[in-house]
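Hi everyone, thanks for coming. Please bring up the sequence and the model on your screens, and let's walk through a few parts of it together.

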Amino acid sequence: MEDDLAKHPEGRIIAHGIRGIVRRPIADQLDEIGVRPRDISTILLSHAHFDHIGNVDLFENARWIAQRAEFEAMFGPEPEEFGYSFQHYRMLKERPYEIVDGDHDIFGDGAVRMIFTPGHTLGHCSLMVRLPRRGAVLLSGDVAHNRENLRHMRVPSFNADQQATVASMAKVVELLRVENAEIWINHDTAESVELPHAPDWIE
């Protein structure tokens, strides 16, 4: 969510009747761990919905790695057809970017891997991060909105492609098994309460 919302304590309606509220701006959270937005060199976006892309303009020095299907939907003739707000990310096309197709090893060493998980949007992706102590963690984005949806392969009616969503959830379940990984589900509020938040570290 865009940091500017922090100026509105009660939040405001962003899109689709959804009220956006920001209690702690991401710029402040980064500052708490000694990082400035201009220090970030690479960004990845699970997808381009407003609640996942609101602060991309903060990272003016970062190279964006984008899935081709998501990029084409974002900058195609009718981005609003996919639930996107062009004004939130229009600057990305003027900054350095790299287009990839499918799974992609970000640094070439297996430490951070983009996992192609289309369905919620046409080019949705998740992120597999290998942490030194905790091990493999999949940041799932919106491949599933909570653990129950993942467990029962339930697809929200607003997803772009139902069959692709089910296939991506199956891919994720198998990946978790093969990698002996845990999954953090972005919109699972019960799970979020149990995870450390900035400025706490996860190793």
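Let's begin with Thr42, which is buried, because its relative accessible area is 19%; buried means under 20% relative accessible area, exposed means over 50%, and partly exposed is in between, with a 1.4 Å probe and protein chains only. Before going on, a word on what we are looking at: this is a predicted model, where local features need pLDDT of at least 70, side-chain atom pairs count only at pLDDT 80 or more, and totals for chains, interfaces and linings use all residues. Residues are numbered from 1 along each chain as its sequence is written, and side-chain values use heavy atoms, with hydrogens and water left out.

Where does Thr42 sit? Its place is in strand E3. Helices (H or I, at least four residues) and strands (E, at least two) are DSSP runs, numbered from the N terminus. Leaving aside residues up to four places away in sequence, Thr42 touches Ala62, Arg63, Ile65 and Ile106, where contact means heavy atoms within 4.5 Å.

Now the sheet around that strand. E3, E4 and E5 form an open sheet of three strands in the order E3-E4-E5, with parallel pairing; two strands pair if DSSP finds at least two bridges between them. Strand E3 (42–44) and strand E5 (97–100) are at the edges with a single partner strand each, so one side of each has no neighbour in the sheet. On average, neighbouring strands here are turned by 25° against each other, direction ignored; the axes are lines fitted to C-alpha atoms, for helices over the stretch in contact, and angles run from 0 to 180 degrees between N-to-C directions. Strand E4 (residues 63–67) is joined to E5 by four bridges, and Trp64 stands opposite Tyr97 in E5.

Next, please find strand E9 (residues 135–139). Is E9 mostly covered or mostly open? It is mostly covered, with four of its five residues buried. Strand E8 (residues 125–131) runs antiparallel to E9, and five bridges join them. The hairpin between E8 and E9 goes through three residues, and Arg130 stands opposite Ala136. With strand E10 (residues 182–184), E9 runs parallel, joined by three bridges; there, Val137 has Glu182 as its bridge partner.

Let's move to helix H5 (residues 162–179). Its 18 residues should span 26 Å at 1.5 Å a residue, and the end C-alpha atoms are 26 Å apart, so the two agree; the expected span is 1.5 Å times one less than the number of residues. Which residues of H5 are buried? They are Thr165, Ser168, Met169, Val172, Leu175 and Leu176. These cover an arc of only 125° around the axis, which puts them on the same side of H5; the arc is that of the directions from the helix axis to the C-beta atoms. That buried set packs against strand E7 (112–116), E8, E9, helix H4 (147–152) and E10. On the face turned away from the buried side are the exposed residues Gln163, Arg177 and Val178. Just after H5, Asn180 takes a positive phi of about 50°.

Last stop: Asp3, in the segment before strand E1 (12–15). Asp3 is buried, with a relative accessible area of 14%. Not counting residues up to four places away in sequence, Asp3 touches Pro25, Ile26, Ala27, Asn55 and Leu58.
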